[in-house]
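Thanks for asking me to look this one over. My notes are below, in numbered points.

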Number of protein chains: 2
Amino acid sequence: MKYLCYIRYVGTHFCGFQAQKEKRTVQGALTAVLEDFFKASVMVTGCSRTDSGVHADAFALTVSLPDGALPIPPEKLPLAIAPFMPPDLALYRAVAVKDGFHPRYDARAKEYRYTVLSTPVLNPFYKDRAWQVYYPFVPDALARMNEAAKHLCGTHDFSAFRAEGSPTRSPIRTVFDCHVEKTDDLYTVSVTGDGFLYNMVRIITGTLLAVATGRLDPDAVKDILASRNRTRAGATAPPEGLCLARVFYDEADFQKETRD
Amino acid sequence: MKYLCYIRYVGTHFCGFQAQKEKRTVQGALTAVLEDFFKASVMVTGCSRTDSGVHADAFALTVSLPDGALPIPPEKLPLAIAPFMPPDLALYRAVAVKDGFHPRYDARAKEYRYTVLSTPVLNPFYKDRAWQVYYPFVPDALARMNEAAKHLCGTHDFSAFRAEGSPTRSPIRTVFDCHVEKTDDLYTVSVTGDGFLYNMVRIITGTLLAVATGRLDPDAVKDILASRNRTRAGATAPPEGLCLARVFYDEADFQKETRD
């Protein structure tokens, strides 16, 4: 039995998604709850890794039960395990999927959102939930950021937007959409792509911030991309503003749909 | 020298606004920061009290310095004290006011917002920030709540919406506006009035929730109000959903305006 599950977590007190010895991780915490619940060893496979402090509103993962385990209908799983979940982690949707389904390789796209709060004084409601930036933005910051963001859309070599020392997989990725929205002093950078290099969204955000403060011209992003040189892009934005917002699958991969 | 200041706080780890011995309160924490900063005894007077766990986005208070203390320009105060503030409390605006100004008696109105999240599974992002309600609402819950809310607008005896055993001040209050907005599964009850009885907004919210679930008819709120009987209104909603959103003053009370 294999479930595709959607979880939501506040990343502040997790050392990222992936299980590590002696550290509190999302995969570790969820696996412990599920193994207790099913009285069986359970395999949890994530759609991606997230760093310490990074949040998720819709992280997808599969839960595989061994042959002997007693399954429950997927639509009952969220409420059944809810009482045993830690307060910063919730599993809110489960559907049955075919055995061969893989949450990472079968994902068509992912959307990350990065939240930036422009404020001279820290806002306690956004502590650990946004990058709070105290230096001023230029008056047309939003338009400039969106102009810069357009250059990132499409299929490109994103070497300039990848943490140095990353493993040498292909740096080619397709960004389907990149745009910035603003509500009061809150800027949300949304990036949807077929895959992401290490720290890619955080470096994109740091670069768009340099555009927002006037340090970079929107068109400079085009040259930075072409340079494939990490040192030309902006700083890596801190983890607390980042949230995995959505993972896109082909619905044909699901055995059946259940309620949200 | 008297400043009118606006503060914002996450109420979760405060035992309310008002100073109490041996307890962590907003007034206590702020007074300690200000007395350290001004090297003088400072009088902090709030626009209201808030209970443990209740939040504020725009709580108004005055800070009075004794005659000997060295004042700083009000517009410099927020950034000057920011490094010394605890992470769940921020002072983000200050203006100079006349000596006779009182943040409670001079307030023309206050707006409270109460946030309710309708969700079968707890959402960790709203932990301690909303009342998370797992039982289902009727399909036209929003329209029903707004119909019920209308009956609360105007000048009424709000005895039915006051915690039992409250001190026997007049139970007459004027509600200028009461309405509910909905975004996805998040309902926000907004109540603006010239003053509030103890637990009034939380009892109003509990009553509107009874309307949302179909247990009460919208028009029943009219009868409950007329009954002046606390036992006929709904349950007191928990503190974590409540936030003081705005305090209204007559701008003529200010000596001069400064930047937000």
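1. A patch of negative charge sits on the surface, made by D140(A), E147(A), D217(A), D219(A) and D223(A). Patch members have over 30% relative accessible area (Shrake-Rupley, 1.4 Å probe) and no salt bridge, with like charges joined within 9 Å. One of these residues, D217(A), is found in the loop between helix 4 (200–212) and helix 5 (220–227) of chain A; helices are DSSP runs (H or I) of at least four residues and strands (E) of at least two.

2. This is a predicted model: local features need pLDDT of at least 70, side-chain atom pairs count only at pLDDT 80 or more, and totals for chains, interfaces and linings use all residues. Residues are numbered from 1 along each chain, chains are lettered from A and ligands numbered from 1 as written, and side-chain values use heavy atoms, without hydrogens and water.

3. Over all chains there are 14 salt bridges (a Lys or Arg side-chain nitrogen within 4 Å of an Asp or Glu carboxyl oxygen). In one of them, D51(A) pairs with R202(A), with the closest N and O atoms 3.2 Å apart. D51(A) is in the loop between strand 2 (43–46) and strand 3 (55–64) and R202(A) in helix 4, so the pair ties together parts 151 residues apart in sequence.

4. Chain B superposes on chain A by a rotation of 180° with 0.0 Å of shift along the axis (RMSD 0.0 Å), fitted by least squares on C-alpha atoms with pLDDT of at least 70 in both. The two copies are thus related as by a two-fold rotation axis.

Conventions
Patches are made of residues with over 30% relative accessible area and no salt bridge: like charges are joined within 9 Å, nonpolar side chains (Val, Leu, Ile, Met, Phe, Trp, Tyr) within 5 Å. Lys and Arg count as positive and Asp and Glu as negative; His and the chain ends are not counted. The place of a charge is taken as NZ of Lys, CZ of Arg, CG of Asp or CD of Glu.
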